[in-house]
Amino acid sequence: MKKIEAIIREEKLDAVRAALQNSGYYGITVSEVSGHGREGGLILQWRVGEYKVDFLPKLKVELVVLDEDVARTLNAITSAARTGEMGDGKIFVLPVENAVRVRTGEEGDNAI
């Protein structure tokens, strides 16, 4: 099993969720996060001048998938989240030792 953590633009959540559902994954966790990569933030104009926003709002989408579904899931997320502009996000893939479904006690692949 692998845990996929995708940092995406807020406006891309509906497209990413639909792409994951089309790939057979309905269970996701979404968190509001902030940060920046190469884009380094934004310079905004306000009445009295400019100010810099260093950390931009993003969403983190997390899900656990079977090893054989990693490539398909990554393709679904990147296709749905890509705008071609700087700041589209990042995806991280991490190993998962075990998963437990709290309601039934099922473990491993059966729990996801």
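The following legends describe close-up views of a predicted model.

View 1. An open sheet of 4 strands has the order 2-5-1-6 with antiparallel pairing (strands pair if DSSP finds at least two bridges between them; strands are DSSP E runs of at least two residues, and helices are H or I runs of at least four, numbered from the N terminus). Strand 2 and strand 6 (89-95) each have a single partner strand, so one side of each lacks a neighbour in the sheet.

**View 2. Strand 1 beside strand 5.** These antiparallel strands are joined by 7 bridges. Ile7 has Lys60 of strand 5 as its bridge partner.

**View 3. The two sides of helix 1 (residues 13-22).** Leu13, Val16, Ala19 and Leu20 are buried (under 20% relative accessible area; exposed is over 50% and partly exposed in between, with a 1.4 Å probe and protein chains only). Seen down the helix axis, the buried residues fall within an arc of 130°, so they line one face of helix 1 (the arc is that of the directions from the helix axis to the C-beta atoms). Asp14 and Asn22, on the other side, are exposed.

**View 4. Arg72 in helix 2.** Arg72 lies in helix 2 and, at 40% relative accessibility, counts as partly exposed. Arg72 and Leu20 are 52 residues apart in sequence and 9.3 Å apart in space, C-alpha to C-alpha.

**Notes.** Residues are numbered from 1 along each chain as its sequence is written. Local features need pLDDT of at least 70, side-chain atom pairs count only at pLDDT 80 or more, and totals for chains, interfaces and linings use all residues, while side-chain values use heavy atoms, with hydrogens and water left out.
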